[in-house]
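Hi there,

Here is the structure I promised to send you. Have a look at it first, and then read on for what I found.

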Amino acid sequence: MHVRGKEGGIGPPDNIKEDIKDMKLKQLALGLIAAVAITGSASAYELTVPTMDYRTGPYAPNGIPFANGFSDYFTLLNERDGGINGVRIKLVPCETGYNTKKGVECYEKTKKVGSGALFYSPLSTGMTYQLIPKVTADGIPLYTMGYGRTSAANGKVFKWVFNVPLTYWDGATVAVKYAGEKSGGMDKLKGKKIALVYHNSAYGKEPIRTLQVLSKKFGFDLKLLPVDHPGQEQKATWLQIRRDKPDWVFMWGWGVMNQVAIKEAASIRFPMDHFVGVWWSGSENDVLPAGIKADGYKSLAFHAPGADFPLHKDILKYVYDGGKAVDPGFKARVGEVLYNRGLINALWASEAIRTGMNIHKTKEPTAAMVRDGFEALDVSEDRLKELGLPGFTFGVKVTCANHKGPGKVAIQSWDAKAKKWSIVTKFYQPMDDVTGPLIAEDSAKYAKENNITPRTCK
Amino acid sequence: MFYREAGQFKTTYKSDQALFPIAQDRYFVIGVVLFAFLVIPFFITDYWANALLLPFLIYALAAIGLNILTGYCGQLSLGTGGFLAVGAYASYKLMTSFPEMNLIVVFLLSGLITALVGIFFGVPSLRIKGFYLAVATLASQFFIVWLFNKVPWFFNYSATGQISVPPREIFGFLVTGPDASPAITYLFTLTLVSIFALLAKNMARGNVGRSWMAIRDMDIAAEIIGIRPLKTKLIAFAVSSFYIGIAGALLFAVWLGSAEPTEAFGIDQSFLILFMIIIGGLGSILGSFMGAAFMVLMPIFLKNFMVDGLGLQPAFSEHVQIMLMGVLIIFFLIVEPHGLARLWQIAKEKLRIWPFPY
């Protein structure tokens, strides 16, 4: 049907010349517009995925690898499999610069592109706070993998927000667990001093509440050391650490702040194996500037580093060698920690889209269907293997009430000589008995402020 | 020719002192205001409201506020971001502590609270002048942001120090919160901005405004002719902070919906608004609007042009946009150091005598 429409303005091919002679330019133009419009609307439905990147500003060193991994995975699906269940994906990039005001502009600009954005992953806790009410009103799922508002783990209150596979509060409990283990038992933490160096924003402040509860529970002394945006100036912070000599330093840092902190720690000769960053403070470009002195620096992790997985080979083959990469110069860095983070974010999200399509038996899912997919997300370790990432991370399963998944965390360590990260522990279980009540309390507060009645989950 | 005043006779003092004495100006401004109130709300989308018009109007209000202090009274201030934060946090505390309070009262009270804070920080202006005063106001900027980070009472003990606006309505229309329609938020902001812009325009040409300008032009001479610097400067600080406070409340409650002090109200906001009034024109209400339009809308326009129009990579066009903005700022300041408002004035004069310049 649309084929005729397409030719309608121009006429059948054999008498096209005569037609054009007769036709006035205006008619031709009109015909062309009609043809484009018709083919445009009929030309296949595409899955619209906005990518809120930041490749500029003080957070770019961390934003770029993540953005590349995220986009490359979707590009790979398009190039290798022809999309998800045969439906192609359309990436809509928008530059936020880790700035919430630009984030608002990006959100409004991309939410109606094509047949509508299917989900958002802003990679910013500040932006997440901004978007939670907006996506709830607009009905678009918000997928904040391991960042954002921790209490969004409560699916009864936060219907549209998912933070699978883990939250900052899980991370904080595992960091303390690890410190306890290294000190020879949790009871040995009594009287120890732990300092938290954090980005002075919603992101950095997230773990504080949990750490305060833990410090009461285990009797350690918690010291809070905020670092203001963008985090280039930390002399005073580390002077304080030098004076107080805490036994452990935890860090919730991002962007330039990470490398500056690790360099400062090295310059005061703080023992690197007692310095633990969150998973956002443990990538190659955070430790490389400190050189050999960063050896032994630890960070939390929920997936493996490196490019030795079958998926990476496919990406190099189809995306980089196929000339489809957003950032072709990145080829040598494929497999960096944050690149893999972007990959796994895209992987879980694409599986959610796939699940949503399967549940509703459709090739044209809406954002609401994708939300159902997120809520039924079940990526087991076997499924990971099928997708080309055997042993990359643990299996995740989302339910209606639990939007955060298993929340397991391992510790990775930096080998400065080999310039490689490697996971050095098992995956720890978080202390759900500590975080559970905190999540319930915080989500109840949100529900009350916004007049939300928690839904019931079967 | 386009701007001929021939035939416009003024027979009363009243018409001679009108806000816009030239008929063309008057009709143009009335036309713009009517268009803004009666036409735009029917076509406004989420994108136009949240990405373009709301930030433009809110920053224009803040720029008017700073222009009163810096442009009219000559007191250089770098504390604008802090005062925005005071307005925002005042509105947040009022809205959460008194849920029944009318939204307009909330905004006016937020402005008044900011005015008090502004007076407090304005006191040193009696002793210190020029760049030294800028440093003192800079201190207020950092102190206020630090305070809102440090004292949990201000953010209702939320886990992250983030404040989020509760949904509130006025006359049955939802103004704040995510479900508010763009037309309503736009009209609400536009109404407040229009009223306060009109007030500012009148204030600037009245007794108060003249004493501000006297202080600005030469404070010793002003003192000699009987203008009390204490009163005049503090009034300027109060009025300016009142405007900025209302802008801050709008910025947080109507536009962003949630905010954290370091990012939303940082020092870069102070500079942004200062640049607006420098580029728009110091001592001009129209200039505040022009400066806000230039600094808020131009980057978005350039970005959309490069990304959607030319198909460039977003990150690349972001870098180009930053450079282009710099070039444009320098260009406009070289062409007319007194800002866009002055440029407009020159254009008007040229239009008046066109096509026979002498």
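Before we start, one definition: a residue is called buried if 20 or more other C-beta atoms lie within 10 Å of its own. Please also keep in mind that this is a predicted model.

Let's begin with a strand in chain A. How many residues of strand β7 (residues 248-252) of chain A are buried? Five of its five residues are, so by the cut-off of 20 or more C-beta neighbours within 10 Å the strand is mostly covered. The side chains are worth a look here: A:Trp248, A:Phe250 and A:Trp252 point one way from β7(A), while A:Val249 and A:Met251 point the other way. Residues of both groups are buried.

Now for the partners of this strand. β7(A) pairs with strand β5 (residues 193-199) of chain A in the parallel sense, over five bridges. In this pairing, A:Ile194 stands opposite A:Trp248. β7(A) also pairs with strand β8 (residues 275-277) of chain A, again in the parallel sense, over three bridges. Here you can find A:Phe250 opposite A:Val276. Together with helix α11 (residues 256-267) of chain A, the strands β7(A) and β8(A) make a right-handed β-α-β unit.

Is A:Phe70 buried or exposed? A:Phe70 has 29 C-beta neighbours inside 10 Å, so it counts as buried. Leaving aside residues up to four places away in sequence, A:Phe70 touches A:Thr51, A:Gly342, A:Asn345 and A:Ala346. Another residue to look for is A:Asn340: it lies 270 residues from A:Phe70 along the chain, yet their C-alpha atoms are separated by 8.5 Å.

Finally, let's move to chain B and helix α6 (residues 131-150), which has 20 residues. From its first C-alpha to its last, α6(B) reaches 29 Å, close to the 28 Å expected at 1.5 Å a residue. The buried residues of α6(B) include B:Leu133, B:Ile144 and B:Phe148. Where do the buried residues sit when you look down the axis of α6(B)? They fall within an arc of 120°, so they line one face of the helix. The face turned away from the buried side carries the exposed residues B:Phe131, B:Tyr132 and B:Lys150. As for what covers the buried residues of α6(B), this includes α4 (80-97), α5 (103-122), α11 (261-264) and α12 (267-280) of chain B.

Enjoy exploring, and write back with any questions!

Best wishes

How values were computed:
Residues numbered from 1 in each chain as written. Chains lettered and ligands numbered in written order. Predicted model: local features only at pLDDT ≥ 70, side-chain atom pairs only at ≥ 80, totals over all residues. Buried ≥ 20, exposed ≤ 12 C-beta atoms within 10 Å, placed from the backbone. Contact = placed C-beta atoms within 7 Å. Helix = DSSP H or I, 4+ residues; strand = E, 2+ residues; numbered from the N terminus. Expected span 1.5 Å × (residues − 1). Arc of directions from axis to C-beta. Pairing = 2+ DSSP bridges. Right-handed = clockwise from strand over helix to strand, strands pointing away.
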